[in-house]
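Me: I would like to learn how to read the features of a model such as the one shown below, going from the sheet to its details.

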Amino acid sequence: MEKLKVTLGTREFPPDYTCDGTDRSPPLYIEGLNENVKALAVIMVDSSSSGGGTFTHWIIWNIEPVRILPEALDKEPEITFPVRALQGVNDFGQIGYSGPCPESGPPHRYVFKVYALDQELPLTGGASKDELAKALAGRIIQFGDAEAIYSR
């Protein structure tokens, strides 16, 4: 599987992208997309969640192949501007992006997993992370990830 280069442009989350600010989605910069990519999917997780395991902050898919996923995407099941995409329910029980909001203490590590797909996924907006994971099976042709930390 080919590797994508994914960056956030920062190592630490600026407060605007967290519950301590405007809680808007950050921009993602994606390099090296294969010409056969038909759609992108992103899953953002807190890999240092206090409950052990991961906590999902964002699932978005059927993103048109873009080099920059813009910031501040609407928190709707279906978005059409500035990019076209579908979003599902995160572990807060909300549609769209919900930024870092850890308890006080050491920094948490947040990972943006970016999947480049050979076709759009047959899911409707509002799907769950499990539904997205099943739909991704056999469709991924490239993968990349980026990390950022945040603490309070």
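Reply: Let us begin with pairing: two strands pair if DSSP finds at least two bridges between them, where strands (E, at least two residues) and helices (H or I, at least four) are DSSP runs numbered from the N terminus. This is a predicted model, in which local features need pLDDT of at least 70 and side-chain atom pairs count only at pLDDT 80 or more, whereas totals for chains, interfaces and linings use all residues. Residues are numbered from 1 along each chain as its sequence is written, and side-chain values use heavy atoms, with hydrogens and water left out.

Me: In what order do the seven strands of the open sheet stand?

Reply: The order is E1-E10-E9-E4-E5-E8-E7, with mixed pairing. Strand E1 (2–3) and strand E7 (78–79) each have a single partner strand and stand at the edges, so one side of each is left without a neighbour in the sheet. E1 runs parallel to E10, to which two bridges join it, and Glu-2 stands opposite Gln-142 in E10.

Me: Which strands pair with E4, and in which sense, parallel or antiparallel?

Reply: E4 is antiparallel to strand E9 (residues 108–117), with eight bridges joining the two, and Met-44 stands opposite Phe-112 in E9. Strand E5 (residues 55–63) also pairs with E4 in the antiparallel sense, over six bridges, and Thr-56 in E5 is the bridge partner of Val-45.

Me: How many of the eight residues of strand E4 are buried?

Reply: Buried means under 20% relative accessible area, exposed means over 50%, and partly exposed lies in between, using a 1.4 Å probe and protein chains only. Eight of the eight residues of E4 (residues 39–46) are buried, so the strand is largely enclosed by the rest of the structure. In a regular strand the side chains alternate between the two faces of the sheet. Here Ala-39, Ala-41, Ile-43 and Val-45 point one way, while Leu-40, Val-42, Met-44 and Asp-46 point the other way.

Me: Which residues of the largest nonpolar core touch the most other members?

Reply: A nonpolar core is a set of buried Ala, Val, Leu, Ile, Met, Phe, Trp, Tyr and Cys residues joined through side-chain atoms within 4.5 Å. In the largest one, of 28 residues, Phe-13, Val-42 and Trp-58 touch the most other members. At least two residues of this core come from each of E3, E4, E5, E9 and strand E10 (140–150), and E9 supplies the largest share, four residues. Apart from this core lies another, of 16 residues, among them Val-45, Tyr-115, Ala-127 and Ala-135.

Me: Which cysteines does a disulfide join?

Reply: A disulfide is a pair of cysteine sulfur atoms within 2.5 Å, and by this rule the count comes to one. Cys-19 is joined to Cys-101, with an S to S distance of 2.1 Å, and the torsion about the S-S bond is about 80 degrees, so the disulfide is right-handed. The pair links distant parts of the chain, 82 residues apart: Cys-19 is in the loop between strand E2 (5–7) and strand E3 (28–31), and Cys-101 in the loop between strand E8 (85–87) and E9. Cys-19 counts as partly exposed at 30% relative accessibility, as does Cys-101 at 34%.

Me: Is Ser-25 buried or exposed?

Reply: Ser-25 is buried, with a relative accessible area of 1%, and lies in the loop between E2 and E3.
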